[in-house]
Structures are given as C-alpha cells and as structure tokens.
Amino acid sequence: MIEEPTYTAFGFSDEEWGLLVGLPQAVLTAASAAESDSTRATMAESAAGLETISTGRESASPLVAAVAGEIVTRVGDPEAGEELPVIAPEDPRAYAEDVLGRAKAAAALLAAKVDEGEAGAYQHWLVEITDQVVGAATSGGILGLGGSQVSPSERRFRDRLAQVLND
C-alpha cells in the first residue's frame with residue numbers, strides 16, 4: 001500500500017505544499033539578509049531561525065507542525081547539532097520582494113484552503129521566525145560594541161511581512 005503524502009490530508013497539491021514548506025526558510029534568509037552583518041552574526045541569525053522553525057513541530061496547529069516537521073526532515077534538526085547552510089542572496093532587496101510576494105500567495109492559498117485558525121497560526125509562525133532572526137544579533141556598531149538589536153531595514157522587512165500576512 002502506498003502511503004499518501006502529508007499535504008493531501010490538508011487538501012494541498014504538491015506545488016502548494018512546496019510553497020508552504022519553502023516559505024519559512026525563505027523568510028529566515030530574507031530577514032537575515034535585510035541587514036549586512038558579520039559572518040558570526042549571520043550564523044547566529046540562521047541558528048535562531050532554524051530553532052524557531054524546529055520548535056514549530058510542537059505547535060498546536062497541525063499545519064504548522066507538519067510544515068515544520070517536513071522542513072526539519074529536509075534540512076536537519078538543530079537539536080541534533082545540524083545547521084542550515086548560510087545563504088546570502090546576491091540582491092537582498094529583490095530577494096525580500098520575492099519572499100513577500102510568496103508570502104502574499106501563501107496567505108491567499110491558506111484563506112482558500114484551511115480554516116482561519118490554521119491560516120493565522122502559520123502566518124504568525126512566519127512573523128515569529130522573522131522576529132527571532134532579526135533579534136538574534138546586533139547590527140551596526142564597531143567590534144561588537146554599540147549598534148542596535150533590530151536595524152531599521154530589519155524592522156521594515158518584519159513589518160512588511162506582518163502586513164502582507166495580516167498578522
């Protein structure tokens with residue numbers, strides 16, 4: 001007997017599921033790339049984002065738990081010491097715009113396919129990932145002194161994502 005893919009239980013196609021599973025990592029990358037940081041800071045941001053994605057497996061939302069589980073299966077479990085490769089988009093602004101466009105598409109998809117609670121949980125989780133990433137390391141300053149916890153460009157990305165997702 002062939003086992004049905006997880007996404008069929010939620011009523012999604014393979015392409016739709018790909019959007020929902022790929023978006024949390026894309027949000028992590030866009031949030032991290034919103035401000036040019038040191039390699040150490042970028043790695044801290046990536047680790048914070050992956051940890052937040054991983055924690056999604058414990059969500060009360062079956063959708064968030066399933067998406068998080070799928071991501072961890074694909075990229076690794078931070079609890080097992082596995083780390084995402086750090087991705088640095090060539091054009092961070094264009095990448096952020098693309099991610100915001102995908103987030104808008106995901107919000108529309110969720111509105112059409114799942115109840116409001118599931119949609120809200122997924123959307124809030126994406127904003128939570130962003131919050132953890134942008135708050136993981138200070139930006140600016142000299143030799144790690146000074147700077148701000150969340151830079152204006154990081155705040156802009158976070159706020160635009162929340163607006164697109166109505167969170």
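**The core and its helices**

Tutor: Along the sequence, the elements of the protein chain follow the pattern α-α-α-α-α-α-α. The chain therefore has seven helices and zero strands, by the DSSP runs used to assign them. The model is a predicted one. Of the 167 residues in the protein chain, 42% are buried. Among the contacts in the chain with a separation of 6 or more, 75% are between residues 24 or more positions apart.

We may now turn to the core itself. The largest nonpolar core has 39 residues, and those that touch the most other members are Phe12, Trp17, Leu20, Val67, Tyr122 and Trp125. Two or more residues of this core come from each of helix H2 (14-33), helix H4 (62-75), helix H5 (92-113), helix H6 (116-134) and helix H7 (152-165). The greatest contribution is that of H2, which gives nine residues.

When its neighbours within four places in sequence are left aside, Phe12 is in contact with Tyr7, Trp17, Leu20, Leu63, Leu109, Leu110, Lys113 and Val114. Two of these partners, Trp17 and Leu20, are themselves among the core residues that touch the most other members.

On the side of H2, the contact is made by Trp17, Leu20, Val21, Pro24 and Gln25; on the side of H4, it is made by Leu63, Ala66, Val67, Glu70, Ile71, Arg74 and Val75.

Ala9 is found in H1, which covers residues 6-10. The C-alpha atoms of Ala9 and Leu63 are separated by 9.8 Å, although the two residues are 54 residues apart along the chain. Ala9 is exposed, because its relative accessible area is 71% and the cut-off for an exposed residue is over 50%.

The packing of H6 with H7 has another geometry. H6 and H7 pack at an angle of about 175 degrees, and their axes are 10 Å apart. Since an angle over 145 degrees counts as roughly antiparallel, H6 is roughly antiparallel to H7. The residues in contact are Gln123, Leu126, Val127, Thr130, Asp131 and Val134 from H6, together with Glu154, Phe157, Arg158, Leu161, Ala162 and Leu165 from H7. Seven of the residues in this contact are nonpolar, two are polar and three are charged.

Between H6 and H7 runs a loop, and Ser151 has its place there. Ser151 has a relative accessible area of 3%, and is therefore buried, the cut-off being under 20%. The side chain of Ser151 is joined to the side chain of Glu35 by a polar contact of 2.9 Å. A polar contact of 3.2 Å also links the side chain of Ser151 with that of Ser153.

Helix H5 can be followed through two of its alanines. Ala107 lies in H5 and counts as buried, because its relative accessibility is 13%. Not counting residues up to four places away in sequence, Ala107 touches Gln123, Val164 and Leu165. Ala107 and Val164 are 57 residues apart in sequence, yet their C-alpha atoms are 7.9 Å apart in space. Ala96 is likewise found in H5, and its relative accessibility of 11% makes Ala96 buried. Under the same exclusion of sequence neighbours, Ala96 touches Ala30 and Phe157.

Helix H3, finally, may be considered through Ala48. This residue is found in H3, which spans residues 39-55. Ala48 is buried, with a relative accessible area of 18%. Apart from neighbours within four places in sequence, Ala48 is in contact with Gln132 and Ala136. Ala48 and Pro78 are 30 residues apart in sequence, and the distance between them in space is 9.6 Å from C-alpha to C-alpha.

How values were computed
Residues are numbered from 1 along each chain as its sequence is written. This is a predicted model: local features need pLDDT of at least 70, side-chain atom pairs count only at pLDDT 80 or more; totals for chains, interfaces and linings use all residues. Side-chain values use heavy atoms; hydrogens and water are left out. A nonpolar core is a set of buried Ala, Val, Leu, Ile, Met, Phe, Trp, Tyr and Cys residues joined through side-chain atoms within 4.5 Å. Buried means under 20% relative accessible area, exposed over 50%, partly exposed in between (1.4 Å probe, protein chains only). Helices (H or I, at least four residues) and strands (E, at least two) are DSSP runs, numbered from the N terminus. Contact means heavy atoms within 4.5 Å. A polar contact is a pair of N or O atoms within 3.5 Å; within protein, one must be able to donate a hydrogen and the other to accept it, and residues adjacent in sequence count only if both atoms are side-chain atoms. Axes are lines fitted to C-alpha atoms, for helices over the stretch in contact, and angles run from 0 to 180 degrees between N-to-C directions. Angles under 35 degrees count as roughly parallel, over 145 as roughly antiparallel, 65 to 115 as roughly perpendicular and the rest as oblique. Ala, Val, Leu, Ile, Met, Phe, Trp, Tyr, Cys and Pro count as nonpolar, Asp, Glu, Lys and Arg as charged, and the others, Gly among them, as polar.
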